[in-house]
Structure formats: C-alpha cells, structure tokens
Amino acid sequence: MEVRASSGDTALGGDDIDAGLLEWVIAGLGADAEAVRADPHALTRLSEAVERAKIALSRDTERRLHEPFLAGTGAGAVNLDLAMRRGDVDAVAEPLIARTLACIDRAMRDASAKPSDLDRILLVGGASQMPIVAHMVSE
C-alpha cells in the first residue's frame, strides 16, 4: 500500500452529528424544548438515546426514541416518543460529511490523483460506518 496524501478535519467527528441530531430532536419537542434544555439529566439521557439511535440507523431504516418522564414531573412531565428515520440522520449529517469530502478532494489534489487512480479509500472513525458516508464518498 502506498499513501501519497492524507487529509482530514480534526474538528469534525461523530460527536458533531450527535449534537446536530440532539438539536433536531429537541427542536421537535416544541414548547417542551426549554424544559429539556434546562435539565442536565434530561440532556444526558436524550444524548445517549440519540447516539444509540444513530448507531442503530447504520443498519436499520427506523428507530423509535422512547424516553418517558424525560424532564419535569407529574402532569408537566415531558415524554418523548419519536420515530427517527435514517433519512433524518442523513439530512443532519450531510452538511458535515460534505466537509469530509472537501478533505478527500484536497488529498486527491495533493497526490495529483483522480478517482480512477484509486484502488481503495480508507475511512476511519465510527461515523464512517454510516451508509450515507459510504454513499457520498463513492460518488
């Protein structure tokens, strides 16, 4: 194997996708969003649920996020029951993955190479297991 160039964005990773998905879910809570944002325990629970869903959506097309009593108590409790689809994850992730594509383009230019010159592309990191990453890179 010969490495002729490498490139990457060290400030970009799966955590950025998780943060975008977390915001997407919270925004979908409408009037309950502020109660969740104000509760560190709720944010932690929701962050963990979002990350699990993102990972599952690398192999499944839909995952249900069900977090009862996420924030608040009694009649004011915030309950989350949401279907997250792979397309939802893709929509949040796509602009971030586009930053990765810019790194690939830079490495190709640095190596004076064109796509037909490549035998393989090595992607590293958990986000590289997302189907949209493979799809966008293969284009």
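I began with the second largest pocket: its lining residues divide into eight nonpolar, one polar and two charged. My classes: Ala, Val, Leu, Ile, Met, Phe, Trp, Tyr, Cys and Pro are nonpolar, Asp, Glu, Lys and Arg are charged, and the others, Gly among them, are polar. This is a predicted model, where local features need pLDDT of at least 70, side-chain atom pairs count only at pLDDT 80 or more, and totals for chains, interfaces and linings use all residues. Residues are numbered from 1 along each chain as its sequence is written, and side-chain values use heavy atoms, without hydrogens and water.

I noted what a pocket is: an open set of points on a 1 Å grid over the protein atoms alone, where a 1.4 Å probe fits, with protein on both sides within 12 Å along at least five of seven lines. Lining residues have an atom within 4 Å of a point.

Then I turned to the largest pocket. I found about 1,200 Å³ of space there. I read off 35 lining residues, with A5, R120, I121, L122 and L123 nearest the centre. The elements giving two or more residues are α1 (14-27) and α4 (86-110). Here α4 gives the most, seven residues. I sorted this lining into 20 nonpolar, nine polar and six charged residues.

Definitions and conventions:
Grid points are joined across faces, edges and corners, and a volume is the space filled by probe spheres set on the points. Helices (H or I, at least four residues) and strands (E, at least two) are DSSP runs, numbered from the N terminus.
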